[in-house]
Each structure stands twice: as structure tokens, then as C-alpha cells.
Amino acid sequence: MKLFNTLMQSLEEFVPIDDKTVRMYVCGVTPYDTTHLGHAFTYVSFDTLLRYLEFLGYTVNYVQNVTDVDDDVLRKARELGMNWRELGNRETERYLSDMDTLNVRRPNVYARATEEIPTMIEIILTLLARGYAYESGDSVYFSVKQDPEFGVMARAIGLNGYHAMLTIANERGNYPDDPRKRDPLDFVLWQAQAPGEPAWPSPWGPGRPGWHIECSAMSMRYLGEQLDIHGGGADLAFPHHTCEIAQSEHFTGKAPFARFWMHTGMVYQEGEKMSKSLGNLTLVSNLLKDYSPHAIRIMLQNHHYRYPWECFPADLQHATETVALFQQVRTMVGKQINGEDTMLRDQFKAAMDNDLNTPQALLLLREAAETVVAGDDIHTAAEILRLTKVLGLTI
């Protein structure tokens, strides 16, 4: 199996650190307005990867997080006049409900940032002791100039040079004018409590963790110091994953922090990237009023995980027709799946082994289903149903 490694910008043969166990961490939601189609695309993609790895015989230890305390959560809670924790819990449950409906399996560990703060403090203390971080005004920052390799992920995706990184960082939550910083690109590891905000005790006074340190702490606590796969949306490659690499590798002294970095493409709506800030969201809960969970899942898998795309009604209609075709196959086979088609299985594996090419895999299964329905080949029909299950479809 070959997967595209964002950090190396190339397809590489996937071999896990341990012979048969895959350590996979995927950045989860920030629960203040869920669940839109971009979320669904990311988590259906990694759910499909999880199922395919198991099909290949691996055991997958899958960890996902929820960033349940964050600037956006606190801002949204103030706008709604809600308690921030109540908002986070409500939106997290909405997200999990939507994912359950789409047959996205829950991870082995679903880690909440607010429950992992002691681990974050331990990492920050080590970074301070090793000279990669500094305390300023009861906050702690990572010093990018102390790390000659900082920005390796940024450079991999084409952000060459300090100003290119600073420009994108500023668009994605960086505060360059923070007077406590030594450098505008330095990122916060621990931020001092602001009036009215929640806080936890720390060696530097009451405050809360920065966003980037949360994922390093949660992934390493549950999966160890080095991961096989670290995933998330393409917009996380910089600064989030770039900062994770820096702080994690300088904490452990081990590289690489993750052997494969996998990023899902952005989903667009009317020519603009779908995002909460723009308000151009297609919510999964709304789509479910008109389309089946199977149709939505197939529509998502009809797009390669790595490339940006835009959703059109025709995509959903095509997926609905595919569901109907698979259901015809199910009717032919009945409840017991007997028989096999090794040629179809090998073609399916070849597609999935090629960087999880789900559009090609689905096309193979759809064409095979059309042939089966026309010619009544029960062995191929059984194979189709067996392979649709690998894609998370319970036809």
C-alpha cells in the first residue's frame, strides 16, 4: 500500500512502526458549529482508511481529539450567552451523532483537551528547560528562531520563507502584535488567563494551553512518542501540524514525530472554501433530510481524499443511484454472502493500495454491480457486498 506523505510530497510504501499495529491520530473538531460537509469528508476519509487497514490485517489504534477549549469556542459562547463548556458538549454530541449516522466508527480514544492539561504542562516544562521556549507575562511561547528546522512542513506545502509563513499564520489565528512575544511567528504554548475566561493552574499562573500543544500531548499520551499516521484537513498543515512537529520532536528528541502526514482536500461551496467564518456551510444534518446516509457517504468517497472539490446536487443523485444498484445486488444475494470473485477483489485492492483511491474502487464496484444485475452472477455479487463493507457501507 502506498500513501501520499505531505511532508515528503511523495507516495511512499506504508510500513508501520510495529509489525501489525498502526498508530493513527486525526485532529478532531473544535465544537462550536458542527457538522459541515468538510468535517464529514475528513472523518469519512480516515474512517475508510481505518477499515481498509483492518481489511489488510492490521490492528489500528485510532485516537481523535476534541478541542473543547479554544478562542473560537469562547467567542461563540459569548455570542450565544452560553457557558463555553455547555456549548462544547452540545456541539460535540451533534458531531458524534452525525458521524454515527454516516457509519463513521468512533476512535479507540476520543480525547478532550481539557482533560489532558497535566501532559501539556509536562511537555512545556521540558521545552523551557531545553531552551526552545520562554516565559513572558505569565504565558509561555515556543521560540521559532531557536529551532533551525522550524517550518519543514510549511516548506513542503510551498510556504518558502519567514514572511510566507507569517502571512498564513496570521490568517489562521496567530497574533503577531502580542507584546509578550519575542518574534511575531512565535506560538503560544500556555496563555495567561484573560478576564472572564476559564483557567487551570500551572507553574506560570492560571491560564489555558495553546492550540498546538494540545494535539502533541494527546497523541503522544495515547499512541507513544512516534506515530504512523497523523491526519487532518489540508488547512492544518500550517501552522498547526508544523508547530506540532517542532514541539513534539524537541520534547522527545525523536524524529520523525509522524511517519506519514495525510491531509484531506478542502470542500468548496459556490466557489469559496466551506468554512464557519464565511458561513457558507452545508450541514450534514440538513443533507440527511433529503439523502440517505449511504448516499452521502458514497458521495464523499467519490472524491479522492487528497484533492479539493465542490459539492453539487448531481453528485448526490449519482450516489443515490449507486446505493440503489448495490441494494439490488443485496436482494439477489440475500442475507448470506457466499461466493467470491478474486479478480474483482484484486482490482479493488489495487485501487485502494494506490493512495486510498476510493473513487476508482467505487467505480469498479458500480460497474461490477451493473454487470451482475444484468447477468445474475451470484459469486461477483457476493464479492461486491463484501467489498462495500470495507468502505463502511452496510447495504
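I count two residues as in contact when they have heavy atoms within 4.5 Å. The model I am reading is a predicted one.

**Entry 1: helix 6**

I began with helix 6, residues 162–171, and asked which of its residues are buried. They are Met165, Leu166, Ile168 and Ala169. Next I looked up where these buried residues pack, and found helix 5 (152–156) and helix 8 (237–252) as their partners.

**Entry 2: helix 10 and helix 11**

I moved on to helix 10 (residues 293–301) and helix 11 (residues 313–333), whose axes come within 8 Å and cross at roughly 115°. I checked the hand as well: this crossing is right-handed. From helix 10, the contact uses His294, Ala295, Ile296, Ile298 and Met299. Helix 11 brings Asp315, Leu316, Ala319, Thr320, Thr322, Val323 and Phe326 to the contact. Sorting the residues of this contact by class, I get eight nonpolar, three polar and one charged.

**Entry 3: helix 13 and helix 14**

How do helix 13 and helix 14 cross, and at what angle? Their axes come within 10 Å and cross at roughly 150°, with helix 13 spanning residues 358–375 and helix 14 spanning residues 378–390. Helix 13 is therefore roughly antiparallel to helix 14, since angles over 145 degrees count that way. The hand here is left-handed, as helix 13 passes helix 14. On the helix 13 side I listed Leu365, Ala368, Ala369 and Val372 as the contact residues. On the helix 14 side they are Thr380, Ala381, Ile384, Leu387 and Thr388. The classes for this contact come out as seven nonpolar, two polar and no charged.

**Entry 4: Gln64**

Is Gln64 buried or exposed? Gln64 counts as buried because its relative accessibility is 4%, and the cut-off for buried is under 20%. I then looked for a polar partner and found the side chain of Tyr62, which the Gln64 side chain contacts at 3.0 Å. Leaving out residues up to four places away in sequence, I have Gln64 touching Val26, Gly28, Tyr43, Tyr95, Pro107, Val109, Tyr110 and Ala111.

Definitions and conventions: Residues numbered from 1 in each chain as written. Predicted model: local features only at pLDDT ≥ 70, side-chain atom pairs only at ≥ 80, totals over all residues. Heavy atoms only, no water. Axes fitted to C-alpha atoms, helices over the stretch in contact; angles between N-to-C directions. Helix = DSSP H or I, 4+ residues; strand = E, 2+ residues; numbered from the N terminus. Parallel < 35°, antiparallel > 145°, perpendicular 65-115°, else oblique. Left-handed = near helix turned anticlockwise from the far one by under 90°. Nonpolar A, V, L, I, M, F, W, Y, C, P; charged D, E, K, R; others polar. Buried < 20%, exposed > 50% of the residue type's maximum accessible area, 1.4 Å probe, protein only. Polar contact = N/O pair within 3.5 Å; in protein donor to acceptor, adjacent residues only side chain to side chain.
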